[in-house]
Amino acid sequence: MDWTWLLSASAFAVAMSATPGPNNTMVVASGATYGFGRTVPHMLGIAAGFPVMLVVLGTAGLPLLTDPRVHAVLKWVGAAYLLWLAWKIARADPAPAEPGAKAGPSGRPFGFLQAALFQWVNPKAWVIAAGALATYTAGAEGGSLVATLLLAGLFGLVALPCTAVWTLIGVGTARILRTRRAVRLFNLAMAGLLVASLVPTLHE
C-alpha cells in the first residue's frame with residue numbers, strides 16, 4: 001500500500017459514507033425522533049457492521065458479489081425490509097417539543113446489532129462493497145487481504161463522524177420544527193426518501 005492508494009481509498013470511503021442513502025436517512029429520522037444520545041448505538045452499529053461486511057466479502061464471500069441469483073435475492077429482501085423500515089419511520093411518534101413536556105417518543109430506535117446486521121440487506125452497502133473491493137483490493141500490492149483490512153478500517157474510521165453529522169441534522173431539524181405534527185411530516189419525508197433510495201437498485 002502506498003500514499004496514493006491510501007488517499008484514494010480514504011476519499012472513496014468518505015464520499016460513500018457521507019452521501020445520502022438508507023443509513024444516513026435512517027439516522028436523520030432517528031435523531032429527529034429520539035435525539036442524539038439514543039441514536040448513538042445505531043451509529044456505532046453502522047460503523048462496525050459495514051467494515052465487518054467488507055472483511056467477510058473480501059476474504060470468503062467474493063462469489064456472492066458476482067452471482068446474479070444472490071444479487072436478485074438480496075435486492076428484493078433488502079427492498080422489502082427497507083419498505084418496512086420506511087413504514088416504521090413514517091409512523092414514529094416524536095416527543096413533544098413544548099417546554100416541560102415529559103412524554104417520550106413511542107417505539108425504540110435501532111440498536112447496535114440491528115444496525116450492524118442491517119448492512120447485509122442494505123442495497124447501497126452491497127454496491128459500495130462491490131465497488132470498493134473491485135477497485136482497491138483486486139491485485140493490490142502487498143496482498144488483497146491486507147488491502148481489505150485497511151479498507152475496512154478506513155470505513156470504520158469515517159462512518160461514525162459521517163453518521164454523527166447526519167444525526168445532528170435530524171436533531172437540529174427537530175428543534176426547528178416546534179410541533180409534533182411538523183416532526184411527523186418530517187419523518188414522512190424521510191420515509192419517502194428511504195423508499196426513493198430503492199429506485200436505482202430495483203431498476204438494475
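This is a working chat about a predicted model of one protein chain.

Q: What am I looking at, helices or strands, and how many?
A: This is a predicted model. The chain has ten helices and zero strands. Read along the sequence, the pattern is α-α-α-α-α-α-α-α-α-α.

Q: How much of the chain is buried?
A: Of its 204 residues, 44% count as buried.

Q: And the contacts, what share join residues at least 24 apart?
A: That share is 83%, taken among contacts between residues at least 6 apart in sequence.

Q: Let's do helix packing. At what angle do helix 1 and helix 7 cross?
A: At roughly 170 degrees. Their axes come within 12 Å. Helix 1 covers residues 3–18, and helix 7 covers residues 123–136.

Q: Parallel or antiparallel, then?
A: Roughly antiparallel. Angles over 145 degrees count that way, so the pair of helix 1 and helix 7 qualifies.

Q: Which residues meet there?
A: From helix 1, they are W5, S8, A9, F12 and M16. Helix 7 brings K124, I128, G131, A132 and Y136.

Q: What classes are they, nonpolar, polar or charged?
A: The contact of helix 1 with helix 7 has seven nonpolar, two polar and one charged residues.

Q: Switching to voids. How many cavities of 30 Å³ or more are there?
A: The count comes to one. The largest cavity has a volume of about 190 Å³.

Q: What lines the largest cavity?
A: There are 17 lining residues. Nearest its centre lie M16, S17, N23, I46 and I128. M16 and I128 also take part in the contact of helix 1 with helix 7.

Q: Which elements give two or more residues to that lining?
A: Helix 1, helix 2, helix 3 (36–59), helix 7 and helix 8 do.

Q: How does the cavity lining divide by class?
A: Into eight nonpolar, eight polar and one charged.

Q: Now the open side. How much space lies in the largest pocket?
A: About 420 Å³. The pocket has 21 lining residues, and the closest to its centre are Y34, K88, I89, R108 and P109.

Q: Which elements give two or more residues there?
A: Helix 2 (22–34) and helix 5 (68–91).

Q: Which one gives the most?
A: Helix 5, with seven residues.

Q: And the classes in the pocket lining?
A: Eleven nonpolar, seven polar and three charged.

Q: Is C162 buried or exposed?
A: Buried. Its relative accessible area is 12%, and buried means under 20%, so C162 falls in that class.

Q: What is C162 in contact with, beyond its sequence neighbours?
A: Leaving aside neighbours within four places in sequence, C162 is in contact with V14, S17 and A18. S17 is also one of the residues nearest the centre of the largest cavity.

Q: How far apart are C162 and V14?
A: In sequence, 148 residues. In space, 7.7 Å, C-alpha to C-alpha.

Q: What about L157, buried or exposed?
A: L157 is exposed, with a relative accessible area of 64%. The cut-off for exposed is over 50%. L157 lies in helix 8 too.

Q: How far is L157 from A13?
A: Their C-alpha atoms are separated by 9.1 Å. Along the chain, L157 and A13 are 144 residues apart.

Q: Last one, L145. Which helix, and what relative accessible area?
A: L145 lies in helix 8. Its relative accessible area is 48%, so L145 counts as partly exposed.

Q: And the distance from L145 to T59?
A: 6.7 Å between C-alpha atoms. L145 and T59 are 86 residues apart along the chain.

Methods:
Residues are numbered from 1 along each chain as its sequence is written. This is a predicted model: local features need pLDDT of at least 70, side-chain atom pairs count only at pLDDT 80 or more; totals for chains, interfaces and linings use all residues. Side-chain values use heavy atoms; hydrogens and water are left out. On a 1 Å grid over the protein atoms alone, a cavity is a set of points where a 1.4 Å probe fits but cannot get out, and a pocket is an open set with protein on both sides within 12 Å along at least five of seven lines; lining residues have an atom within 4 Å of a point. Grid points are joined across faces, edges and corners, and a volume is the space filled by probe spheres set on the points. Helices (H or I, at least four residues) and strands (E, at least two) are DSSP runs, numbered from the N terminus. Ala, Val, Leu, Ile, Met, Phe, Trp, Tyr, Cys and Pro count as nonpolar, Asp, Glu, Lys and Arg as charged, and the others, Gly among them, as polar. Axes are lines fitted to C-alpha atoms, for helices over the stretch in contact, and angles run from 0 to 180 degrees between N-to-C directions. Angles under 35 degrees count as roughly parallel, over 145 as roughly antiparallel, 65 to 115 as roughly perpendicular and the rest as oblique. Contact means heavy atoms within 4.5 Å. Buried means under 20% relative accessible area, exposed over 50%, partly exposed in between (1.4 Å probe, protein chains only).
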